[in-house]
Structure formats: structure tokens, C-alpha cells
Amino acid sequence: MSNEHELDEIHINIKEDSKKSDSSSKDDPNREEMPWDSKREEFVWKIHKDCLQKSAAYDTASRSAKKKYTRYALPGVVVPIIMSVVSPHLPQDYSYVDGIALAGIAVLNGLNTFFNFGKKFSNYNEFSGKYADLAGYISVEMSKSKRYRIALDVFLERITTKKAYLDNNSPFL
């Protein structure tokens, strides 16, 4: 029982460092943050530039895929409507026109299905936005004075992780 009373009084002495630096963390006074220097800022701006370039490339690819989707899908909707109106009024000698129109629609629908332009449009558009979001996040942080930015090591971890994820999961152009 005497051990119980001894455990009641535990004193923890924390030795504080008399040197306080602006680069130390509030949670851990012994931790030194990575300084924001021009070389590291250059690296961050390179990531920013790459994100903007990839966003623009995916946006261009998205627009192209949308045009192709429209080009191949629209006739599949319009031609049958036109043929349903025109077909009863065609002379008997032009009965092959229905077959040609349906064959053309089948080819266009087959191409659209095979190349999957609708899904490509959606994926390219999504990744264009994701790269633009990352570039915007970098711009916001870099627009702050160094004093108000988050710790560089934390910031680099965030942006490089996000960029690696985007690079690894983005569709091929």
C-alpha cells in the first residue's frame, strides 16, 4: 500500500530552451522548420507551372473529345427522326436509302462506343479541374508573405502528394 501513495506525487520537469526562434513550432520548441528560400520557392513555382500546363492540356483534350462525341452521337439521334418523316414519301426505287442511313448510324455509333468519347470528355474535364485546383492552392499560399505561410515541409508534402496522385491517376492524353 505504500507504493500507492508514492505514485500519487509525480513531478514532471520540462526544461525549456532559452533560445526561441521564429522558425520553431509552437507544439515542439525543439523542432526547426524548413526555411522558405529561393531555391525551394522555385521548385514550388515549377510544380505550379506544370499544373497549369497539364490543366490546359486536359482542357483542350476535353473540348476535343466533346466535339467528337457530338459529331458521332448527334447523327444517331437526328437521322432516324429525319428518315421517319422522309421515308414514307420516297419512291419505291429509293428504298435502299433507309438501309444506307441505318448502316451509317451503326458505324458512327460503333465508333463512338469504341472510342468512348463521352467518358474521355468527362475524365479530361475532371483532371483539368483538379490540376487547376492544385495550381490555385499553390498560388494562394505563395501570394502570402513568408511570415504567414504554412511550414514549407508541410506544404511540400501536401502539394507533392496531390501532384503525384494526379499524375498517377490521370488519363492518357
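**Exercise 1.** In this predicted model, find which ring the charged end of Lys162 sits over, and give the distance from its centre.

**Exercise 2.** Classify the aromatic pair of Tyr58 and Tyr124 as stacked, edge-to-face or tilted, and state where in the chain the two residues lie.

*Solution.* A search of the whole structure finds nine aromatic pairs. For Tyr58 and Tyr124, the rings are 5.9 Å centre to centre with 45° between the planes, and the pair is tilted. This pair links distant parts of the chain, since Tyr58 belongs to helix α2 (residues 38-86) and Tyr124 to helix α4 (residues 117-143), 66 residues apart. With a relative accessible area of 9%, Tyr124 is buried, and Tyr58, at 5% relative accessibility, counts as buried too.

**Exercise 3.** Explain why the pair of Tyr58 and Tyr131 is described as it is.

*Solution.* The ring centres of Tyr58 and Tyr131 are 5.9 Å apart and their planes stand at 10°, so the pair is stacked, given that planes under 30 degrees apart count as stacked. Here again distant parts of the chain are linked, with Tyr58 in helix α2 and Tyr131 in helix α4, 73 residues apart. Both Tyr58 and Tyr131 are buried. Finally, ring pairs join Tyr58, Tyr124, Phe127 and Tyr131 into a cluster.

Technical notes:
Residues are numbered from 1 along each chain as its sequence is written. This is a predicted model: local features need pLDDT of at least 70, side-chain atom pairs count only at pLDDT 80 or more; totals for chains, interfaces and linings use all residues. Side-chain values use heavy atoms; hydrogens and water are left out. Rings of Phe, Tyr and Trp (its six-membered ring) pair if their centres lie within 6.5 Å; planes under 30 degrees apart count as stacked, over 60 as edge-to-face and the rest as tilted. Helices (H or I, at least four residues) and strands (E, at least two) are DSSP runs, numbered from the N terminus. Buried means under 20% relative accessible area, exposed over 50%, partly exposed in between (1.4 Å probe, protein chains only). A charge sits over a ring if NZ of Lys or CZ of Arg is within 6 Å of the ring centre and within 35 degrees of the ring normal.
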